[in-house]
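Please examine the sequence and the model shown here before reading on.

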Amino acid sequence: MTGASDTTAPQATPVPTEGARAATLHVPVLLDEVLEALAPRSGGRYLDGTVGLGGHSAAIMERIGPDGELCCLDRDTAALAHARQRLAPWGGRVHFFHTRYADFEAALDQLGWDKVDGALIDIGVSSMQIDSAERGFSFHADGPLDMRMDQDGDEAPAAKLVNRATVDVLKDIIRRYGEDPMAGRIARAIVDARAAGPIETTAQLAAIVDRAYPAKWRATSRNHPATRTFQALRMAVNDELGQLERFLDRILDRLNPGGRLAVITFHSLEDRIVKHRLRDESQGCVCPRTVSRCECGHKARVDVLTRKPVTASEAELARNSRAASAKLRAAERLAEGQAPRPRRRNKYAPEGRDAAEGDAS
Ligand SMILES: C[S@@+](CC[C@H](N)C(=O)[O-])C[C@H]1O[C@@H](n2cnc3c(N)ncnc32)[C@H](O)[C@@H]1O
């Protein structure tokens, strides 16, 4: 199966008929919180846009009874292979597509589903991706500078960007997506290092970034100096913010009234996009105050369930440090003409378990 492009309909892949083999039992982030937010109902149809290793999907399948169905997407064929094994016990009620979640509509169309009762995206990198040196996401083990989530798709590997982009382009990427104050120095160091030959491995790049950091910063920095550069390049290579924007543009049209949307992000820029989009979609008239009668015709389409983002509990953080930057926001699709409920604290999160108001605003 090929990676889906913007114009190519994704293809369904068969679920293996033999029993599930022991796929790595990865524990998904914010699992209880996602289930509360999605409130999966028996017999419902659900979308998991980032099935990964199938942890959230398995929990959804456990709750939607013998008639419920789930559409699972991932742009990474290795992740899909794991997910197929993990979700094999549910047979043909789980449908797999190798595609990007921004292209979810083609998958639903192929299944003949007009709408779903809930949709989840969990848009981090999977532990399998990070831990595989040959995927090039991490500098903790040396590997090729790749970073593509979809190695069969049309994205170029990070090596191409690192070896061909101008100083200004590199600086912009590292500043915008990595929010690294040393972006200019790092970009210049990368371009200078290229004069001696192409930068091909994660270790090479990490060493260049490390040297570009002033010694004082290096000594006091909590993380490796290359952390932000790697994150920034990964986001650029996979057009991660573009995917999120396009998904949010379309998903509400495909949610049944009462259907829930849950989004887990790991980056402040992503959380900000989700926060603002949900806030805008929860508003009725957006005319200026000076207008006495509504002229905009804007209607609220969602009730926001998370006034503040939900973050991991102490217990989860003790088990899984990768959950530290995870933020969950959720909303419920309103029926035509239905007014949102009055705004109050998070409508389902346990007391004190949401991040401080104003985060990532
Ligand atoms: C954090 S993991 C998801 C883990 C999953 N919720 C679980 O319980 O195992 C993120 C997954 O999303 C996939 N992914 C990221 N961006 C994507 C996109 N735009 N379209 C489809 N899949 C994407 C990655 O390949 C990865 O497998």
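Angles under 35 degrees count as roughly parallel, over 145 as roughly antiparallel, 65 to 115 as roughly perpendicular and the rest as oblique. The structure is a predicted model, in which local features need pLDDT of at least 70 and side-chain atom pairs count only at pLDDT 80 or more, while totals for chains, interfaces and linings use all residues. Residue numbers start from 1 along each chain as its sequence is written.

Helices (H or I, at least four residues) and strands (E, at least two) are DSSP runs, numbered from the N terminus. Helix H1 (residues 31–38) packs with H2 at an angle of about 45°, and their axes are 11 Å apart. Here axes are lines fitted to C-alpha atoms, for helices over the stretch in contact, and angles run from 0 to 180 degrees between N-to-C directions. H1 and H2 are therefore oblique to each other. On the H1 side, the contact is made by Leu31, Val34, Leu35 and Leu38, and on the H2 side by Gly55, His56, Ala59, Ile60 and Arg63; two residues are in contact if their C-beta atoms, placed from the backbone, lie within 7 Å. Six residues of this contact are nonpolar, two polar and one charged. Ala, Val, Leu, Ile, Met, Phe, Trp, Tyr, Cys and Pro count as nonpolar, Asp, Glu, Lys and Arg as charged, and the others, Gly among them, as polar.

The ligand is surrounded by 22 residues, the closest being Pro28, Thr50, Gly52, Gly55 and Asp76. A residue is near a molecule if its C-beta atom, placed from the backbone, lies within 6 Å of it. The shell comprises eight nonpolar, nine polar and five charged residues.

Which part of the chain is largely enclosed by the rest of the structure? Ten of the eleven residues of helix H11 (residues 227–237) are buried, so H11 is largely enclosed. A residue is buried if 20 or more other C-beta atoms lie within 10 Å of its own, exposed if 12 or fewer, and partly exposed in between, with C-beta atoms placed from the backbone. The buried residues of H11 include Phe230, Leu233 and Met235. They pack against helices H6 (158–164), H7 (167–176), H8 (183–194), H9 (202–212) and H12 (240–250). Val191 lies in H8 and is partly exposed, with 19 other C-beta atoms within 10 Å.
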